Amino acid sequence: MPANRASFFEVPHAAIYTLMMVTVLASGFCFIQAGGPSAPAELLYRYGGMYASAIARHEYWRLLAYGFLHVNFVHLTMNMLCLVLWGAHLERRIGPSYFLIVYLCAMVFGAIIGNGIHATPYLTVGASGATSGILGALLCLWILGKLEVGFDFFAINIGLNIAFAFGNSRIDWGVHLGGFAAGLIACAVLDLIEKASPYVLRCKFPEAVKVDLTLLACSAALWTWSGQAQAFAPGFSGWSFILVVVLACCAIVKIVDLVLSMKKGLAIVVMVLAAANAAAVMLGGWALGSSCSPRWPTGIVPLDNFLAMFCPNAVLISGLAAVGAAAVTLWLCSKEISRGIEDVGFVGTSLRAERNRRHGL
């Protein structure tokens, strides 16, 4: 174990603030619709609560949506507290891109495992599976000797989590345990990938590039799950198309790696990613516009108003959102652009040197 132990509390970082903002907005929107500090089951179901037949009906979007919804204000507060207390340590140690991967994997596989365990109809919401995955990932790092906390950190946090769960009969144990296992396994896999990547990749990707590629990969996954992808390749079956998407993602990562090793490569990569973000937003708007139909949820006034405004102007609104996505990307990555523009052959070399110094997470 490292000689210098980290403090019990850690200052949150960018990914945690972003996840908190999205979760609070999504849950708060439900509370506002319900007119109180809690949301009824019907409303949670409409917005994405996970239920028994969701996977059988190919409603894969619920595997993510349920994690941003909460039953009441206390439920939301407890999960956000766990996100801050545990997530700050993990994000500081592995960075925002890998943190997002662990968080989303725990959320998705927690829902899948929980769904397999349930023998009766159910409806579940909350970030508990994802936050349990954070704790599982921290335990993985501690086992590997790569986390500067003591055993008391896990004894206290796991003990309190179990005690709270036993005190609440509505806790979904399947999601908790599934998320914990998924976070532990995801962290171990990422460690293996980091150890193996020097044999495949030349450069250590800057964190901004890794985050952007992660978000684009998530968008590609949602696009594939939604069924929209099959419109471009009707000859492929579901699993074969997923394999093609995975291979395409691997090829893109290698291309980015090669470009980063060139002069001005970092600036080029950021510019291309800005264009890719704009294309992803445009494609998402097109998919949403093509889905406008009576099968959308009814009786939710803000959603009805949004669809009434969006559907007739889907192309225009999607185009403006795409331009905004590109502009935000360029603004957030301004330091990387400046570094890439000023590159006279040193940036690629330093990235390669950083890759050579890395040994796992």
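Analyst: Happy to. For helix pairs, the axes are lines fitted to C-alpha atoms over the stretch in contact, and angles run from 0 to 180 degrees between N-to-C directions. Keep in mind that this is a predicted model.

User: Good. At what angle do the axes of α10 and helix α13 cross?
Analyst: They cross at roughly 140°, and the axes of α10 and α13 (residues 334-341) come within 6 Å.

User: Which residues make the contact?
Analyst: From α10 there are Leu266, Ala267, Val270 and Met271, and α13 brings in Glu336, Ile337, Arg339, Gly340 and Ile341.

User: And how do the residues of that contact divide into nonpolar, polar and charged?
Analyst: Six are nonpolar, one is polar and two are charged.

User: Switching to the backbone: which phi does Lys264 have?
Analyst: A positive one of about 60°, although Lys264 is not a glycine. Most residues other than glycine have a negative phi. Lys264 sits in the loop between α9 (238-260) and α10 (265-290), and is partly exposed at 34% relative accessibility.

User: What about the phi of His58?
Analyst: His58 also has a positive phi, about 60°, and is not a glycine either.

User: Where is His58 found, and is His58 buried or exposed?
Analyst: His58 is in the loop between β1 (50-51) and α3 (62-65). The relative accessible area of His58 is 53%, and over 50% counts as exposed, so His58 is exposed.

How values were computed. Residues are numbered from 1 along each chain as its sequence is written. This is a predicted model: local features need pLDDT of at least 70, side-chain atom pairs count only at pLDDT 80 or more; totals for chains, interfaces and linings use all residues. Side-chain values use heavy atoms; hydrogens and water are left out. Helices (H or I, at least four residues) and strands (E, at least two) are DSSP runs, numbered from the N terminus. Buried means under 20% relative accessible area, exposed over 50%, partly exposed in between (1.4 Å probe, protein chains only). Contact means heavy atoms within 4.5 Å. Ala, Val, Leu, Ile, Met, Phe, Trp, Tyr, Cys and Pro count as nonpolar, Asp, Glu, Lys and Arg as charged, and the others, Gly among them, as polar.
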